[in-house]
Amino acid sequence: METLREKKEETKKPTTIRISGAEAIIHCLLAEGVDILYGYPGGAIMPVHDELYKFQDKLTHILTRHEQGATHAAQGYARVSGKVGVAIATSGPGATNLVTGLADAQIDSTPIVCITGQVPRHLLGSDAFQETDIIGISTPVTKWNHQITTVEEIPEVMAKAFYLAKSGRPGPVLVDITKNAQFDELDFSYEHCTGVRSYKPVPQPNLEAIDTAAKLINSAKKPFIVFGQGVILGEAEEQLRALVEKAGIPAAWTILGLSAMDTDHPLNVGMVGMHGNYAPNVLTNECDVLVAIGMRFDDRVTGSLDTYAKQAKVIHFEIDPAEINKNVTADIAVLGDSKETLNLLLPKIKENKHEEWHNTFKEKYKIEYDAVIKDELHPTKDGLTMAEVIKEINLASEHKAVIVSDVGQHQMIACRYSKFKQSKSNITSGGLGTMGFALPAAIGAKMGAMDREVVAIIGDGGYQMTIQELGTIYQNKTPVKIVVLNNGHLGMVRQWQELFFESRYASTVLSNPDFVKIAQGYDIASKRVSERKDLKASVEEMIASKEAYFLEVKVEKEDNVFPMIPSGASVSDIRLK
């Protein structure tokens, strides 16, 4: 006769079902709330795709035209939705084609889970057809990876993969699953992962450090905040704004921090970095307290570390202990989730205005406006500028669009001149600088926010790196808007060649195809603009369209991006011309 204890223990056991490993993968995804994933089929992952076919009423698989496109689409989806993006590929070249997206997601802290097929367990190490050591290859560019060789591993490994991808400082995870594990059966049950031994995703805040930081901020005469994507990932936008407004501190953003704070907020003083705004760059070396929130002091932000903010006390709010003192030595390190640590800081902050300090920023802005901004937004020359295209997109979308930019001059212009009222609105490849990112990322971003307008801003060079993803847009009728700023060059490299290599344009001149005809071949409404009189109406037509739309804008061939901090120079040495 069963005892009461035995009956209780029996009720604690999770319900199990007898299924294949391939079907188990699907159930894991559904348990994690996944409703869409991006990928490309092949022999080693075919069992999982077969199950995706059976579960297509619950889980949508988007067939991209290249596995790299799948990872970037997963990134775009993750960045705009705040969820984990998922990509799937076969073994060999399918798996290796994911690597660029993994590396991009790793350096930009984007939570994605990539699933790859692998040859059967007994063939591992035999150089079987389409076998590559994707675990060894992807180890440097993933937060975690694991190869499943037995079917019983699937539930635990998948739960751990999603937990690690989204917890703490997010990042990419890769799970490689052998074909035998996909075919074999197991008694399946699923438990969400809530912790991993020795892994502490969020450091416990040090209250003493927060007290010291508050005292330093309260006593500062020229405080300055630089915020990054950590504010967005930590959902600390409200806390950032409260701190800025209460303490009266001017705040600037890194390119991945853009949109965490309204761009038109009176205390938002612009972008730091190589092509950032003049005032925040120069005044970095005049502030007395530099408060870094959720940013990692990338070299494109700091310029020469030997001269970066040496006069200032540095307070670094950061979730990842590895970033503390990595590039810039912090006088005070405040470890923890940005939302939690800022909430702890706010009651200790005194109200202030710092009006004289703010006036210094306004004076520097006037210098930049007269030297750069005025001519870019209101040009007197015949040729179109990239900045005026962004301005028209801002106006037509009422500053509500998600802007997905590729990499190059257009990226810097898009970041400098886009206007945002909502967080998670600026999607771009920051740390890795991946050309070809924008088109597939825009597809993912639109699918992650169907209620929002999504506009991809792309150069004519980067566009051709993933132009095949027009096929994904065509097949899925994804209503993204695509703007190619065509200057006939690899613009950013050409700018450096002009400035530092005596205008020797080595391998940067492009002979481009007819982009409009290509888009029309995919049944995408298309238009080309080369004159200012046609720009406004064309942008408005694009934004008003309920379907996908392609707009090519012919811009000045030698329209350089300024201000600019030369590589290795001090932020104080920023050039206006």
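Reply: Happy to; below we chat about the whole chain and then about a few places in it.

Me: Where does this model come from, and what is its mean pLDDT?
Reply: This is a predicted model. The mean pLDDT of the protein is 96, and 98% of its residues reach 70 or more.

Me: Which stretch has a pLDDT below 50?
Reply: Residues 6-11 do. Beyond near neighbours in sequence, that stretch has three contacts in the model. Where pLDDT is low, the predicted coordinates should not be read in detail.

Me: OK, noted. How many helices and strands are there?
Reply: There are 24 helices and 20 strands in the protein.

Me: And why can I call it as compact as a globular protein of that length?
Reply: Because its radius of gyration is 25 Å, close to the 25 Å that the globule rule gives for 577 residues.

Me: What box do the C-alpha atoms fill?
Reply: Along the principal axes, the C-alpha atoms fill a box of roughly 85 × 65 × 40 Å.

Me: How much of the protein is buried?
Reply: Buried residues make up 59% of the 577. The accessible surface comes to about 24000 Å², and 49% of that belongs to carbon and sulfur atoms.

Me: What about contacts between residues 24 or more positions apart?
Reply: Counting contacts with a separation of 6 or more, 77% are between residues 24 or more positions apart.

Me: Switching to charges: how many positive and negative side chains?
Reply: The protein has 61 positive and 74 negative ones. The centres of the two sets lie 4 Å apart.

Me: Let's pick one residue. Where is Met 564?
Reply: Met 564 is in the segment after strand S20 (549-554).

Me: Is Met 564 buried or exposed?
Reply: Met 564 has 0% relative accessibility, so it counts as buried.

Me: What is Met 564 in contact with, leaving aside neighbours within four places in sequence?
Reply: Its contacts include Met 274, His 275, Trp 496, Phe 500 and Ile 574.

Me: Now helix H6. Which of its residues are buried?
Reply: In H6 (residues 99-107), the buried ones are Val 99, Gly 101, Leu 102, Ala 103, Asp 104 and Ala 105.

Me: What covers them?
Reply: Among the elements covering the buried residues of H6 are helix H4 (67-81), helix H5 (93-96) and strand S5 (112-118).

Technical notes
Residues are numbered from 1 along each chain as its sequence is written. This is a predicted model: local features need pLDDT of at least 70, side-chain atom pairs count only at pLDDT 80 or more; totals for chains, interfaces and linings use all residues. Side-chain values use heavy atoms; hydrogens and water are left out. Helices (H or I, at least four residues) and strands (E, at least two) are DSSP runs, numbered from the N terminus. The radius of gyration is taken over C-alpha atoms; the globule rule is 2.2 Å times the number of residues to the power 0.38. Buried means under 20% relative accessible area, exposed over 50%, partly exposed in between (1.4 Å probe, protein chains only). Contact means heavy atoms within 4.5 Å. Accessible areas come from the Shrake-Rupley method with a 1.4 Å probe; for residues, only the protein chains shown count as cover. Lys and Arg count as positive and Asp and Glu as negative; His and the chain ends are not counted. The place of a charge is taken as NZ of Lys, CZ of Arg, CG of Asp or CD of Glu. pLDDT is the predictor's confidence in each residue, from 0 to 100.
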